[in-house]
Amino acid sequence: MSIKNLEPFRDILNRAIERKGSKSIVFAMAGVNEPKPDLAQISDDRWLAQFSKQIFQSGFVWRVVEQKWPGFEEVFFSFDIEKMLMMPDEMWEAKCKDERIIRNGKKVMCIKDNAQMIYEVSEEHGSFGQFIANWPKDDVIGLWAYLKKHGARLGGNTGPYALRFLGVDTFLLSRDNEAYFRAYKLIDGGLNTKKSQTMIQDCFKQWHNETGFGYSALSRILSFSVGDNVVGMR
């Protein structure tokens, strides 16, 4: 489907180049030529670890979470799914109070809930990574919706950021990208409504067909072309 009056991506790319200094800089920052990881080979414990890290980083100082993360890996047995699900309630209660981690009980219990989700998906699909690898590449918002519905605290940008970190080709609804779509009157309602997200996905699909770039690269380049970011910043 062609979206009437959608800006050609070459114009967006040219703006990004003007801001960042050169095409090679933009391509390097956007990861245009980065090799794609084999998602099916990412073990279930790494999916759980990244979902958990993103949940703790949401609304908190990322640097502190990074500093504490070795403690998380130790306390939660490197996020071994079976060990997570075998822990009795009193052990979970004790871990909520462990000084090696950030002691937020509600977020800690999300680890248990998301371990259950990953376990159930793995039972059906062979592994969680295989499930992600088989998800239709052009249905990004469908995957977001799945994580929000079946996972714990994986809505908003939390699930998408975790997916991006592990190499899933996903655009993001960053403030710069949202500002672009509103300025060009491509969306006018809530950012997280199905109507808005479907329109944004359709725009990225059209740009993908135009350029051959992945959604992650397109999303980054779009953010470079707008907002307050300056040369050399990501």
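Guide: Helix α12 (residues 194-211) and helix α13 (residues 215-224) have axes that come within 10 Å and cross at roughly 105°, where axes are lines fitted to C-alpha atoms, for helices over the stretch in contact, and angles run from 0 to 180 degrees between N-to-C directions. The two helices are therefore roughly perpendicular to each other, a label given to angles of 65 to 115 degrees, while those under 35 count as roughly parallel, those over 145 as roughly antiparallel and the rest as oblique. On the α12 side the contact is made by Phe204, Lys205, Trp207, His208 and Thr211, and on the α13 side by Tyr215, Leu218, Ser219 and Leu222, contact meaning heavy atoms within 4.5 Å. By class, this contact has 5 nonpolar, 3 polar and 1 charged residues, with Ala, Val, Leu, Ile, Met, Phe, Trp, Tyr, Cys and Pro counted as nonpolar, Asp, Glu, Lys and Arg as charged, and the others, Gly among them, as polar.

This is a predicted model, in which local features need pLDDT of at least 70 and side-chain atom pairs count only at pLDDT 80 or more, whereas totals for chains, interfaces and linings use all residues. Residues are numbered from 1 along each chain as its sequence is written, and side-chain values use heavy atoms, with hydrogens and water left out. Helices (H or I, at least four residues) and strands (E, at least two) are DSSP runs, numbered from the N terminus.

Both α12 and α13 also meet helix α1, for the buried residues of α1 pack against α2 (23-30), α11 (175-183), α12 and α13. Helix α1 (residues 9-20) has 12 residues and reaches 16 Å from its first C-alpha to its last, close to the 16 Å expected at 1.5 Å a residue, the expected span being 1.5 Å times one less than the number of residues. Its buried residues are Phe9, Ile12, Leu13, Ala16, Ile17 and Lys20, where buried means under 20% relative accessible area, exposed over 50% and partly exposed in between (1.4 Å probe, protein chains only). Seen down the axis of α1, these buried residues fall within an arc of 140°, so they line one face of the helix; the arc is that of the directions from the helix axis to the C-beta atoms. An α-helix has 3.6 residues a turn, so residues three or four places apart point the same way. On the other side of α1, Arg10 and Glu18 are exposed. After α1 comes Gly21, whose phi is positive, near 115°.
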